Amino acid sequence: MPSRGSLQAYDRVVLPPVLVSGTSIGPDAVLSTGHPDLEVREGVITSRSAGAVQATISVAGAEGFAVTVLPEASTSHVVSYTREPDPDPAVYSAPLAFSMHLALSSPGDEVRPLNDDHGVLFPRAVMTDVLDVRRIRTLADPHLFHTPAGYGVVATPCLPDGTPEPYVLICTTPDLVHYEEVGVVDLGTGGRVSRPRAVYDGARDEYVLWWTDGAGERMFTTMKTLDAEPLPARPGSPLVPASEPPALGEGRRAASCLPVDESTADRLARRFQRVRNVAVVVPELRVNAGERTDPPAARLSYSDGSTADRPVDWDTTGVDWDTPGEYPITGRVRQREYAFPFIPERADPAVLPYRGRYYFIATDDAGGDCVNTTRLLIRVADTVQDLATAADHAILTVGQAGIGGCFWAPELHVIDGRLHCFFSPSVGAASWDRVQSQVMRLRADGDPVLAADWEPPRPVLKADGSPLQLDRDHPGISLDMTYFEDAGRGYVAWSQRYITDRVGDAEIWIATVDPADPWRLTSDPVRLISAEYGWDLNDANVAEGPFVVRHGDRIVMTYSGSAVGPTYVMGLATAASGGDLLDPANWTKLNAPVLATDPRTGEWGPGHNTFSHDEDGLPLVVYHALTAPDAKGRNTAIRRVHWAADGRPVLDMRPDEEVAPHLRTVSTSVRVIRPVSL
């Protein structure tokens, strides 16, 4: 860092916990250290070691800072930045652009935006004076700094359009992946707070915050902990050595450049870069002469350290199964690809393998009108691919059970051995504000495509028989109900919002049910997820479309947010299997979406998914998306799910990332051996 003049111009000198060899404090700085691998001369800290050096460096002979000095040749930097919104808000709106993005700058390599150049940290929304209605909060100038427990972030909180608020936003993170918002702090200035910065002062065991006020003057304060009340602000700022952020390209504004060691840089690259196939291994097959068996599957390795098994279509015509010997074989890793749109103008789709066949059910969204629909349609086929052209069968029509339209978000679930259909029709008239969650059950041994084999629909009610609503004074709608089981208990999760003279935010609720009677709750409803970030509020305050799958020992819930259109996205919340799933504290919600618009693939506003699996038992994600920002009807899309090394589902893997083109053809050998005689 270049010298900025006399040290007397600053309130204090602070050495951050992590530095890079070659860091300059300025020629006036008097530094000293007893570590043999460090040299401090004329304010420059130089390491002679090829690895990290932990040492104490004193400033002016008094203030001792415990620091880690990283070697310059192998040190990467994490760059925090924001983006400028795209002129078309459907592409990248202000609530998305005004969030913290990360890039990785490594020695000898170009700067790489992480997470597909999308935000990783969004501020929580602000509660308004209207019950259950939130306002988007964005941020500017997100500054990263090291803390004893990991990292901190300070930023300027902003209105939805990026207008600064007179506060500072503070967040913490142990790993630059998972973030916790400490809160918005009033520094008592009563005016503008721009370009906030922070550093942990190890010599005094406190944090220093400094910023520029509305008059362009530098101000600072100190805090013993990041959640403590700051001391009164006063003029000045500390002298803190920092790396200059690299150029990020047009439309990106860098805020900080934080040095990290090689393991941290590698971990961030694995987590935030696109997961791709990097190797394939197929074991040799050993078989007794006279026997035949299927050759093995391929084990695929991925860039994040994860693996997956894929079937192979083998050519075994050259194998003599009766004669001992070694026979080379080749094959091609099987990839079932589903074109988009898979089924046009069908939204909220679900695919269920049931009794050896595949069933498809969805919201009819012809021309983008999902309200004035007249039928609940279902398809059946022998394969997932054949669902694309299978015939529709109406299993419920307008007029039955008082239904006036909608037939939203149908899902098929097998409960206690019986097939059930959860859906959300409009009752009494075709209107979005009359929708309520209902359930139909298939008669014993019934055919799912025959309307006569379904029992009449029943509304899902609370344990006392009252409708699903916030309270008597706040009636509203319920929709997008799903069912799942964990640890011997049956659960339903759904979205609801009140509609009075105001419209509340759509939120996800959860409750238990008796599998024998899934249309009646057995617990009080619990509010589980609210739309609270720029990506799930955006144009509409929506948390809806929950669906649950178990992966290992985790319960994984996907859900959708933002307006039902090109800004639609999917979020993720997880909980430990076997725990109390009615306690929101046991769920962890990701701060950023897991599936969003990608103009490169031609899918806009992806959301409202279900999970399924194909004929090979491989997991699928089924969802809807638009073909263009201004398209009307939503369309069904299907992709395979890849489970990343950290346990999260990768929902946007492309075919060339699932199996690298140069690795699709594989080979191994079949070793036919003579059976051992006993």
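These entries record what I looked up in a predicted model.

**Entry 1: D117**

I began with D117, which sits in the loop between β10 (112-113) and β11 (126-127). I then listed what D117 touches beyond four places in sequence, and found Y81, R83, Y92, H101 and R252. With one of these, Y81, the contact is polar: the two side chains meet at 2.5 Å. I also checked L102, 15 residues away from D117 along the chain, and the C-alpha separation is 7.6 Å.

**Entry 2: helix α3**

I next turned to α3, residues 262-272, and noted T264, A265, L268, A269, R271 and F272 as its buried residues. An α-helix has 3.6 residues a turn, so residues three or four places apart point the same way. Which elements cover the buried residues of α3? Among them I found β8 (76-83), β9 (101-105), β14 (150-158) and β21 (252-260).

**Entry 3: the second largest pocket**

I looked up the second largest pocket and recorded a volume of about 930 Å³. Its lining holds 43 residues, and P241, A242, S243, E244 and C257 lie nearest the centre. Two or more lining residues come from each of β1 (18-20), β13 (138-147), β17 (194-201) and β21. The greatest share is that of β21, with six residues. By type, I noted 25 nonpolar, 12 polar and six charged residues in this lining.

**Entry 4: the largest nonpolar core**

I then examined the largest nonpolar core, which has 30 residues. The residues with the most contacts inside this core are F484, I510, I529, W535, M557, L581 and W587. Elements giving two or more residues to the core include the helices α2 (94-97) and α4 (534-537), together with strands such as β38 (507-514), β41 (543-551) and β42 (554-561). In soluble globular proteins, nonpolar side chains tend to be buried together.

**Entry 5: D598**

Last, I located D598 in the loop between β44 (587-589) and β45 (604-613). D598 has a relative accessible area of 12% and is therefore buried. Which residues does D598 contact, leaving aside its neighbours within four places in sequence? I found E603 and R654. The side chains of D598 and R654 make a polar contact at 2.6 Å.

How values were computed
Residues numbered from 1 in each chain as written. Predicted model: local features only at pLDDT ≥ 70, side-chain atom pairs only at ≥ 80, totals over all residues. Heavy atoms only, no water. Helix = DSSP H or I, 4+ residues; strand = E, 2+ residues; numbered from the N terminus. Buried < 20%, exposed > 50% of the residue type's maximum accessible area, 1.4 Å probe, protein only. Polar contact = N/O pair within 3.5 Å; in protein donor to acceptor, adjacent residues only side chain to side chain. Contact = heavy atoms within 4.5 Å. Core = buried A, V, L, I, M, F, W, Y, C linked by side-chain atoms within 4.5 Å. 1 Å grid on protein atoms, 1.4 Å probe; cavity = no way out; pocket = protein on both sides within 12 Å on 5 of 7 lines; lining within 4 Å. Points joined across faces, edges and corners; volume = space filled by probe spheres on them. Nonpolar A, V, L, I, M, F, W, Y, C, P; charged D, E, K, R; others polar.
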